[in-house]
Protein chains: 2
Amino acid sequence: MKKSLLSTQPYKGTQDYYPEDMFKRDYLFNIWRETAKEFGYKEYDTPILEDADIYRAKSGDELTNTQLYNFVDKGGREIAIRPEMTPSLARIIAAKYQQLPKPIRWFSIDKFYRYEKPQRGRTREFFQLNIDIFGITQMSAEIEIFKYIDSVMRKLKAPRNTWKVYVNNRYLMDYIFTKVLNLQADQISKVARAIDNYTKISPDEYPEYLSETGLDKLQIGKLIDFLKQDLTYIEKLKGESRGAKELVELFAMCKELGLTSFEFKPYIMRGITYYTGTVIEMFDIGGDKNPRALFGGGRYDDLLEIFGKEKLPAFGIGWGSVTMMNYLETYNLLPEYSEGLNAFITLTPGQNLLESFNLADKLRDEGIKVETQLKEEDLKKQLGTANKRKIRYVFFKSGDKWIAKDMGKGIQSNLNLEDIKGYFVN
Amino acid sequence: MKKSLLSTQPYKGTQDYYPEDMFKRDYLFNIWRETAKEFGYKEYDTPILEDADIYRAKSGDELTNTQLYNFVDKGGREIAIRPEMTPSLARIIAAKYQQLPKPIRWFSIDKFYRYEKPQRGRTREFFQLNIDIFGITQMSAEIEIFKYIDSVMRKLKAPRNTWKVYVNNRYLMDYIFTKVLNLQADQISKVARAIDNYTKISPDEYPEYLSETGLDKLQIGKLIDFLKQDLTYIEKLKGESRGAKELVELFAMCKELGLTSFEFKPYIMRGITYYTGTVIEMFDIGGDKNPRALFGGGRYDDLLEIFGKEKLPAFGIGWGSVTMMNYLETYNLLPEYSEGLNAFITLTPGQNLLESFNLADKLRDEGIKVETQLKEEDLKKQLGTANKRKIRYVFFKSGDKWIAKDMGKGIQSNLNLEDIKGYFVN
């Protein structure tokens, strides 16, 4: 018998959300959601399951080959649990390409799955905020999303010295690859991956590491030189490279708007293949507890082509919950748990429970969150529990009257049913 | 090339949620959620994926054999996409059985999957509200959930003559099966299924249909007689059957509390095997457009045993989104779509976009939902669009001043940045 018992643990790499966990999750999600709405973004959603092919088209090798939860359904279709939102988003926009007025400003917060080795900052089930703008070629699309990010971080009270968004541009990298390093097409992806690892390898070993991609000494020198550059260098390239021009324009606007947490970094690549121009990643720069990117994003002006539609300029980010919750915990930015209950109605021996239900009705009609005791119990015990749970008001029966006890102030009086709201106006 | 294009359709039996669809979904979900909080219920969540075994233990044959999305992950584990919440809920309660103060009042709203033939009222992906109370043996647990249901239906403005919750009790059925019909253990599940189909088969054909389960004429007569009974009959059985006693007690409370939309129906069975006492189902009784149950639920006092824990009294319902949205549409109970945007900042040729961003900042700091035009365009065109989209205020530049135009009243004046909130106090 004992052997056949089921485990109470969740599936490996996933988490159960008890009310205390939901409270934290909601804190972040509500700020994401409310801020998106303040920016005029509309919420959308897509199914958890998708045709597996939509990830094969452009998502990149690691994601589709080793991390995808794909399987064949009972009808013989090969499907996958979505590992990211962008392909689904591109699909539903392509489906109503003509009808949707541009620009399209949309966001979504939901679950995703990747088959990962569970570790800090990496789980198999995770949430992601996706916020995207379609139909804007100009850098103002980037700026609007930058402002959104800045606004969210301000609401989270994130100290300026603990986060930075690093920005690069794929067109600039194309210029470096083809015009500066004169790479062949088949070398580019290898070198790009090596650049992605720039901060993970010590400066001493990096030249040797780069040589493994087939670069010669001269190329290695030029590349390492480039990876240390800042905006001053990029400024000089703006006549030759579209990417440099876009970066210069973007950072001129950042400067004027006081967006000081956004910085050019030439080694930001992003693994996903569908990106075109701007690419960005946010990092915890306040310590070494959270080395992984807090989010990533970029331009993907060509993605709609996989659904047979014309190009549509697009910029957006996917902001994961796992590293972000780690970040918020690291800097103690999460509020203390509160049940959010306003009132408690006691039940003592001999009392009629139905009267409690009727009183609760009246309170709830006013939007008051109230719990009713369902088992008869000693009054003192119930008052003690309500106190421990930090519930503001307790209502109990004395003779045929309801008494309202303010647990904060310790005062009690006959309940006045005509002015229930009055009790909860601080 | 054309052949290789990907489809823009969602996976069969699932739906994409464009902002207009999300608006409807949110309308229902917000009422579910807010009302649950008013009743002191806390939100929880569990992973989409579970060990497939937890559904084999007690969920019933149809669900586990034909409807389950189960597959083997890349590490060789057999997992399933959850088809219902109750086993996961029982699992996470069992995991913290000792620490959790009783009663436990929890709810959750999230996605589920069943491999179904898509049709009206049945999709492969669906949402479900699950609301459950643990730790209460008495019928007051049922009453609290009944009050919750009644409160939700009132907020949805559902006419009383369009819905009814039908109630039965598994202990009563056990009594009928063993004491009245003298069935053998192996006959019970067949007869139970036949009772489940009572309303789907014409009264003329029903005796013949029952005989296929192996019942003799006398048994068939007794069973059909029972299926037509009301509370008066049950009253007589309360000394002999625990189920009858519970039903009598439950409906006495319903009567006193004015819960008139709850009714005893002896043919309500519920397919799932883990139910113990009370079982309930809600139906659209206003017409024949929605013949499927709007939700189902019941007592499952023994379910924690599959995780090796003691019994814990439990009562709850799973309220699906699909039939419920059909119901709301049938009776025209959904509100008209609104973008929810408060203001729009225009951009005309030569204007500095960065000033728009700065103005938007100030508005958003006050919680105002504002969209900024990113492409230079003719003012008239932008005013027209804002009008069509029913946006209350448009802000535009005239010389070096911002003008605020109230689109509802058609009046405009210099924008007073000191009193931004004043514009939005009706």
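In the predicted model, A:Phe344 stands opposite A:Val394 of strand S14 of chain A. This pairing belongs to a set of 3 bridges that join strand S12 (residues 343-345) of chain A to S14(A), the two strands running parallel. On the antiparallel side, S14(A) pairs over 6 bridges with strand S15 (residues 401-406) of chain A, and here A:Val394 has A:Lys405 as its bridge partner in S15(A). S14(A) and S15(A) form a hairpin with 2 residues between the strands, in which A:Gly399 takes a positive phi near 65°. Strand S14 (residues 393-398) of chain A is largely enclosed by the rest of the structure, because 5 of its 6 residues are buried.

At the level of the whole chain, chain A contains 15 helices and 16 strands, and its division comprises domain 1 (13-330) and domain 2 (343-424). The C-alpha centres of domain 1 of chain A and domain 2 of chain A are separated by 51 Å. The radius of gyration of chain A is 28 Å, whereas a compact globule of 426 residues would have a value near 22 Å, and the C-alpha trace of chain A spans about 95 × 60 × 50 Å along its principal axes. Of the 426 residues of chain A, 58% count as buried, while the chain exposes about 18500 Å², of which carbon and sulfur atoms supply 48%. When contacts in chain A between residues at least 6 apart in sequence are considered, 69% of them join residues at least 24 apart.

With a relative accessibility of 0%, A:Ile149 counts as buried, the cut-off being under 20%. Apart from neighbours within four places in sequence, the residues in contact with A:Ile149 are A:Trp163, A:Val165, A:Phe262, A:Ile280, A:Met282, A:Phe295, A:Ile317 and A:Trp319. In the case of A:Ile317, the separation from A:Ile149 amounts to 168 residues in sequence, but to 9.6 Å in space from C-alpha to C-alpha.

S1(B) pairs with strand S5 (residues 104-113) of chain B in the parallel sense over 2 bridges, and B:Phe107 in S5(B) is the bridge partner of B:Glu43.

Elsewhere in chain B, strand S15 (residues 401-406) and strand S16 (residues 411-414) pair in the antiparallel sense over 4 bridges, with B:Ser413 in S16(B) as the bridge partner of B:Ala404. S15(B) and S16(B) form a hairpin that has 4 residues between the strands, and B:Gly410 in the turn shows a positive phi of about 75°.

Terms used: Residues are numbered from 1 along each chain as its sequence is written. Chains are lettered from A and ligands numbered from 1 in the order in which they are written. This is a predicted model: local features need pLDDT of at least 70, side-chain atom pairs count only at pLDDT 80 or more; totals for chains, interfaces and linings use all residues. Side-chain values use heavy atoms; hydrogens and water are left out. Two strands pair if DSSP finds at least two bridges between them. The radius of gyration is taken over C-alpha atoms; the globule rule is 2.2 Å times the number of residues to the power 0.38. Buried means under 20% relative accessible area, exposed over 50%, partly exposed in between (1.4 Å probe, protein chains only). Contact means heavy atoms within 4.5 Å. Accessible areas come from the Shrake-Rupley method with a 1.4 Å probe; for residues, only the protein chains shown count as cover. Domain bounds come from an automatic or database domain assignment.
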